[in-house]
Amino acid sequence: MATETNADVVIVGTGIVGCLIAQQMLDSGLSVLMLEAGPRVDRWRIVENFRNLPPGLRLHFDAPYPPKPWAPHMESYSDAAAAEYLQLEGPNARAYRQGYVRYAGGATRHWAGICWRLTPEDMRLKSLYGVARDWDLDYSALEPYYTRAEYAIGVCGPSDPALQWPPIRSKRYPMGPLPFGPGEQRFTDAAARLGLKNVPAAQARNSRIAYDGRPPCCGNNNCIPVCPIAAKYDAATALPKIEAKGGRILANAVAYRVETGQKNAIEAVHYFDSDKHSHRVIGKIFVLACNGIETPKLLLLSKDERNPKGVANSSDQVGRNMMDQPKLVAELILAEPMWTGVGPVQGSSIMQTSQGEFRSKHGGALFRFNNLARGAFGGVAAVRQGLVGKALDAEIRRLSACTAELTIEHELIPDPNNRLTLSNKKDWLGINKPNIYYDVGDYVRRSAKEYSVPLVRKLAAELGATDVQVSTEFTNSDHIMGGTIMGADSAASVVDIDCRAHDHHNLFLPGGGAMTTGGCGNSTLTMAALALKAADAIATQMKSS
Amino acid sequence: MSYLYRDDAPVDFNLFRRKILIGGGLVLGGLATAPIVPTVAANTSASDFPNQFMELSSLLIAHRLNHDVGLRLAAALRMKDTAFPAHVSGLIEIAKNKNAKIVEDFFADVPGGPLRDTALLIISAWYLGVIVDEPGAEVFAYELALMYQPTRDVMTIPTYAISGPNGWTSEGRPLANMPDF
């Protein structure tokens with residue numbers, strides 16, 4: 001049984017990665033202690049926080065999660081607020097304004113729930129297209145973990161292989177697909193006329209049935225920033241299950257140093273509580289699953305005599321290769337109603353456009369119809385026109401129904417210059433803030449110019465758009481990857497294929513940071529699969545020791 | 001487990017939107033220390049003002065208006081601007097002179113300036129559910145905000161599902177079918 005200072009397995013972070021590992025460790029008979037920097041807040045409070053936001057803030061997905069002073073995260077409501085925590089620089093600094101929240105349950109609390117897998121080709125960019133790196137793990141080795149992850153968190157998706165992405169699966173999804181709303185169907189039909197297939201997304205949302213103690217989705221259209229009924233998986237739903245199995249969870253416990261000892265093994269993690277008191281936690285295995293920014297930050301903060309560049313950083317790769325899927329958005333005005341807001345906020349994508357021989361020259365791209373209800377958008381825009389009476393109502397209905405957003409997410413390749421370092425600026429606890437240099441690179445810029453933007457304009461025209469505005473500045477997708485990159489070569493990577501640090505046999509760094517490349521889709525299912533692979537390795541290691 | 005490591009107990013959580021002005025006499029939350037009845041225009045008594053506000057609101061907006069939301073808006077708008085009651089009276093007078101039943105009957109006669117601004121502010125508040133749309137602003141209505149109602153036959157008001165498990169379809173509706181609200 002874990003205490004507040006000692007466990008077999010100490011896990012820093014209570015997001016999807018930490019929680020999946022915690023559950024498996026407990027099932028294996030190991031004791032687990034979890035440290036969470038942020039607060040642990042009930043779902044109803046987040047829902048009420050959301051409903052009590054003024055309309056202009058309801059699209060700021062971090063807004064219902066106000067940060068605690070000791071656990072700051074980026075607040076997006078203004079440029080000045082956004083600049084407080086994440087220190088960003090470089091040609092595309094704006095595109096790394098990552099919206100994770102430091103709350104128990106982590107960023108899955110406000111994710112859309114989309115669960116794309118990588119394809120075999122996504123994992124072999126170097127050998128197939130001569131760019132980036134190959135994974136030292138192939139799709140067939142990862143596939144069983146993808147399946148386990150889908151069953152662990154409850155993923156729905158189509159049983160027809162023609163609608164699956166990729167259609168290389170050992171087992172069907174645990175639940176069938178969710179229906180499309182009218183906008184998503186129109187987008188699907190328009191894409192088909194251009195020879196493109198908009199496929200139902202694999203989603204961690206319960207379809208038709210309850211799953212794992214959570215109810216079926218009933219279309220609250222609020223997956224981002226919080227599912228009010230937990231029909232969408234988020235790691236907050238795992239916390240009571242972990243406690244029921246004997247796991248200990250300490251919220252408001254901010255890890256700030258990883259301590260090494262003999263043979264460079266990890267001996268302890270030190271954390272501050274919300275009163276700035278320091279505590280030391282010991283264990284046999286340590287898992288840092290604080291997300292792709294906070295994990296490399298913690299490793300760099302922990303440099304010592306044995307590890308002068310930071311823990312796990314003999315390769316000098318910690319904090320490098322920071323990735324995401326740089327996003328562009330097309331705003332459409334249509335002659336006929338498209339209608340959003342029916343069903344979940346996201347439910348499908350065009351994925352075939354992520355693949356092709358062109359990847360030797362530029363990245364692939366994913367195209368998605370955003371299904372967020374646009375009633376508030378139409379309402380605010382119409383009211384600002386100064387309309388009254390029936391004209392006001394008609395304009396709200398028109399602007400809400402006859403406008404749409406198409407999102408493009410681009411494939412970015414790892415670049416060691418895209419780097420997280422420690423800023424000289426300190427947070428409330430006196431901990432260095434993360435500083436990130438970010439340039440999406442020519443691979444992405446060429447994709448946008450020659451491939452994705454022309455294609456999104458064709459899609460808009462096929463939808464009958466009378467006006468199309470495509471954003472010119474890349475923005476974040478919140479899919480943080482690369483900062484503790486995986487590889488077999490310990491001189492060029494941070495973790496091995498089990499997410500074990502090359503430099504420390506009892507330190508695991510699973511999650512997005514370990515991903516060698518990221519493809520075009522949301523990274524979460526791959527993170528979950530890597531978490532389960534790491535969990536197997538930890539259990540084996542503990543048995544052998 | 002000590003409280004230091006848990007904060008999911010329901011204590012001291014402030015539900016601004018649910019704190020209701022009761023009959024014009026009690027305001028909670030951020031308004032609690034402010035005077036309930038500020039300077040009132042010469043021809044508007046304090047007790048009449050909520051009714052006048054609702055009367056004008058009904059002339060400006062031809063939909064069913066929630067009385068509790070209206071009382072809260074009236075109190076907040078009056079505190080924001082001491083001239084507000086006079087503008088409300090002025091707008092009612094214009095409407096009466098035109099024998100107006102709906103906003104289209106008299107809005108063209110409202111002169112530009114404070115009176116027109118007041119009319120648009122009242123409409124905006126009912127539709128958006130806020131008096132100002134900026135960080136930290138108090139929300140007077142969410143699911144009752146009128147901006148959500150012209151599309152409520154199709155679109156979900158986020159967090160308030162209108163169907164059930166897999167109960168929605170790809171069927172849209174014509175723009176002309178304005179819901180009754």
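## Salt bridges and the basis of the model

A salt bridge is counted here where a side-chain nitrogen of Lys or Arg lies within 4 Å of a carboxyl oxygen of Asp or Glu, and by that rule two salt bridges are found across the interface of chain A and chain B. The model is predicted, and for that reason local features need pLDDT of at least 70 and side-chain atom pairs count only at pLDDT 80 or more, whereas totals for chains, interfaces and linings use all residues. Residues are numbered from 1 along each chain as its sequence is written, chains are lettered from A and ligands numbered from 1 in the order in which they are written, and side-chain values use heavy atoms, with hydrogens and water left out.

## The interface of chain A and chain B

The size of an interface is often given as the accessible area lost when the parts come together. Between chain A and chain B the buried area (the accessible area, with a 1.4 Å probe, that two parts lose on being put together, summed over both) is about 5,600 Å², and carbon and sulfur atoms give 61% of it. On the side of chain A, the residues that lose the most area to chain B are Arg45(A), Arg51(A) and Arg397(A), which together account for 14% of what that side buries. In terms of contact, meaning heavy atoms within 4.5 Å, 79 residues of chain A meet 61 residues of chain B.

Asp133(B) forms a salt bridge with Arg384(A), with the closest N and O atoms 3.9 Å apart. Helices (H or I, at least four residues) and strands (E, at least two) are DSSP runs numbered from the N terminus, and in chain A helix 2 (43-51), helix 6 (182-193), strand 5 (248-250), helix 9 (375-384) and helix 10 (389-401) each supply at least two residues of the side that touches chain B. The largest share of that side, eleven residues, comes from helix 10 of chain A. By class, the side of chain A that touches chain B has 39 nonpolar, 21 polar and 19 charged residues, where Ala, Val, Leu, Ile, Met, Phe, Trp, Tyr, Cys and Pro count as nonpolar, Asp, Glu, Lys and Arg as charged, and the others, Gly among them, as polar.

## A hairpin in chain A

Buried means under 20% relative accessible area, exposed over 50%, and partly exposed in between, with a 1.4 Å probe and protein chains only. Six of the seven residues of strand 6 (residues 254-260) of chain A are buried, so this strand is largely enclosed by the rest of the structure. Strand 6 of chain A runs antiparallel to strand 7 (residues 266-272) of chain A, and six bridges join them, where two strands pair if DSSP finds at least two bridges between them. Val258(A) has Val269(A) in strand 7 of chain A as its bridge partner, and in the hairpin, which has five residues between the strands, Lys263(A) takes a positive phi near 55 degrees.

## Backbone exceptions

Most residues other than glycine have a negative phi, and most peptide bonds are trans. A cis peptide bond, with omega about -20 degrees, joins Trp165(A) and Pro166(A), and Pro166(A) lies in the loop between helix 5 (139-153) and helix 6 of chain A. The bond from Ile224(A) to Pro225(A) is also cis, with omega near 10 degrees.

Trp339(A) is not a glycine, yet has a positive phi of about 70 degrees; Trp339(A) is buried, with a relative accessible area of 2%. Ala132(A) likewise has a positive phi, of about 60 degrees, but counts as partly exposed at 23% relative accessibility.

## Salt bridges within the chains

Over all chains, a search of the whole structure finds 33 salt bridges. One of them joins Arg117(A) to Glu143(A), with the closest N and O atoms 3.0 Å apart, and both Arg117(A) and Glu143(A) are buried. In chain B, Asp180(B) forms a salt bridge with Arg64(B) at 3.3 Å between the closest N and O atoms, and the pair ties together parts that are 116 residues apart in sequence.
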